[in-house]
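Student: I have a chain to go through with you. Can we take the labels one by one and test each against its definition?

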Amino acid sequence: MARAVMAYRQAILSTAVTCVVLLFTQCCDALSTEGSVPWRANATTIIAKFCYTFNPEQDHRAGMLNLTFHAPPEARHLGLAYLMLFDDEDNSYGDTSSEWLAMSCQERLRHSRNSSPINWGYATQPDGASFHIAIRQKVRPRWWYVALADCSGSASGLQDIQVQFKASMSNDSYGWASE
């Protein structure tokens, strides 16, 4: 009889701990953010992060990222740049250690989960350069980082340029509450 009581208490404690962990690790429904970041030559700048849920179904689509960049006309002279997405896995964006800071743009591209070149011609137009990316995650919720990366390989003299951005990130599984 004592074993049954002990097993019952252990099951209740385990359930309570699981509920507390789930309560504190829950992803939010959606996030809309906007701002500006200074253009930094040969650098990768994290501009937003969001916790996407997961979807074990066949296509694994967990959510959406909608992002628009705006840049001043002088940005047309900027070189190759990318929008990069990283997640919180060690082989993607583990931390901000000196090893990460020493990586070349090509190495960071290899670590990114998704990357798209930024067309500065579009970014300088009134509508800006827009990206619509489906986030696929099948195992568990993860933090995703949105980054702007200069891959021009040159020390641009256009250091004072501010790149404006507007981002909307949402988890699909929350239905009407996702936005």
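Tutor: Start with contact: heavy atoms within 4.5 Å. Among contacts in the chain between residues at least 6 apart in sequence, 84% join residues at least 24 apart. The model is predicted, so local features need pLDDT of at least 70, side-chain atom pairs count only at pLDDT 80 or more, and totals for chains, interfaces and linings use all residues. Residues are numbered from 1 along each chain as its sequence is written, and side-chain values use heavy atoms, with hydrogens and water left out.

Student: How many helices and strands does the chain have?

Tutor: The count is 5 helices and 8 strands. Both are DSSP runs numbered from the N terminus: helices are H or I with at least four residues, strands are E with at least two. Their order along the sequence is α-β-β-β-β-α-α-α-β-α-β-β-β.

Student: Why is A134 called partly exposed?

Tutor: Buried means under 20% relative accessible area, exposed over 50%, and partly exposed in between (1.4 Å probe, protein chains only). A134 has 27%, so it is partly exposed. A134 sits in strand β6, residues 129–136. Leaving out residues up to four places away in sequence, A134 touches R61, G63 and M64. Of the 179 residues of the chain, 39% count as buried.

Student: What makes a set of residues a nonpolar core?

Tutor: The members are buried Ala, Val, Leu, Ile, Met, Phe, Trp, Tyr and Cys residues, joined through side-chain atoms within 4.5 Å. The largest such core here has 30 residues, and L67, F69, W120 and V146 have the most contacts inside it. Elements that each supply at least two of its residues include β2 (44–52), β3 (61–70) and β7 (142–150). Apart from this core lies another, of 10 residues, among them F86, Y93, L109 and Y145.

Student: Which residues does L67 contact?

Tutor: Setting aside neighbours within four places in sequence, the contacts of L67 include I47, L83, F131, V146 and F165.
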